Amino acid sequence: MDDIPMTMPPTATDERFGGHGGRLGIRFHARGRDWIELALPWSAELVGDEETGVLASGPIIALMDMATSLAVWNRIRGFAPHATLDLRIDYFRPARSGATVIGRAECLRVARSVSFTRGIAHDGDIDDPIAHVAATFMVPTGSYTRAAS
């Protein structure tokens, strides 16, 4: 029941993704029944401010879009092609230079064709977040499958 038919192994801690996420270096980090974490290792290629070494916001936005999307699949225990309908990120501070950013997300509710998520980005201390995120996703056709309870 805990297997999720995705390319993401349920216990791997160094799995990389393909596509845009793979190019950014995003990796699977951890998951629980109601949450999922992805990691964005610091890279000089992703720096937005060369003077301080702070990561640009774009890769963090991509990290949180992926994390919240995967949180939906984690909740329904399967893959459902869906599109980001809305993504809101509130930044509190920049990521620390050289630090890996962790994106933790959970799915709050899955309706027929829309899902609702929230998450937090941090760089080592979840109580000192970089940003909070809220995202909704929509199945373009059909509906989300329901997870077995």
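Colleague: In this predicted model, how far apart are the closest N and O atoms of the salt bridge between Arg96 and Asp128?

Modeller: A salt bridge is a side-chain nitrogen of Lys or Arg within 4 Å of a carboxyl oxygen of Asp or Glu. As the model is predicted, local features need pLDDT of at least 70, side-chain atom pairs count only at pLDDT 80 or more, and totals for chains, interfaces and linings use all residues. Residues are numbered from 1 along each chain as its sequence is written, and side-chain values use heavy atoms, leaving out hydrogens and water. For Arg96 and Asp128, the closest N and O atoms are apart by 2.6 Å.

Colleague: How many residues apart in the chain are Arg96 and Asp128?

Modeller: Helices (H or I, at least four residues) and strands (E, at least two) are DSSP runs, numbered from the N terminus. Arg96 sits in the loop between strand 5 (83–91) and strand 6. Asp128 sits in the loop between strand 7 (114–122) and strand 8. The pair links distant parts of the chain, 32 residues apart.

Colleague: Which residues form one network with Arg96 and Asp128?

Modeller: Some salt bridges here share partners. They join Arg96 and Asp128 into one network with Arg93 and Asp123.

Colleague: Which residue meets Glu45 in a salt bridge?

Modeller: The N to O distance is 3.2 Å. Glu45 lies in the loop between strand 2 and strand 3 (47–49), and its partner in helix 1 (residues 19–24). Both partners are exposed. The partner of Glu45 is Arg23.

Colleague: What share of the residues of the protein chain counts as buried?

Modeller: The chain has two helices and eight strands. They follow the pattern α-β-β-β-β-α-β-β-β-β. Of its 149 residues, the share that counts as buried is 46%.

Colleague: Which elements each supply at least two residues of the lining of the largest cavity?

Modeller: A cavity is a set of points on a 1 Å grid over the protein atoms alone where a 1.4 Å probe fits but cannot get out; lining residues have an atom within 4 Å of a point. The search finds one cavity of 30 Å³ or more. Its lining includes Trp35, Ala71, Asn74, Ala105 and Cys107. At least two lining residues each come from helix 2 and strand 6.

How values were computed: Buried < 20%, exposed > 50% of the residue type's maximum accessible area, 1.4 Å probe, protein only. 1 Å grid on protein atoms, 1.4 Å probe; cavity = no way out; pocket = protein on both sides within 12 Å on 5 of 7 lines; lining within 4 Å. Points joined across faces, edges and corners; volume = space filled by probe spheres on them.
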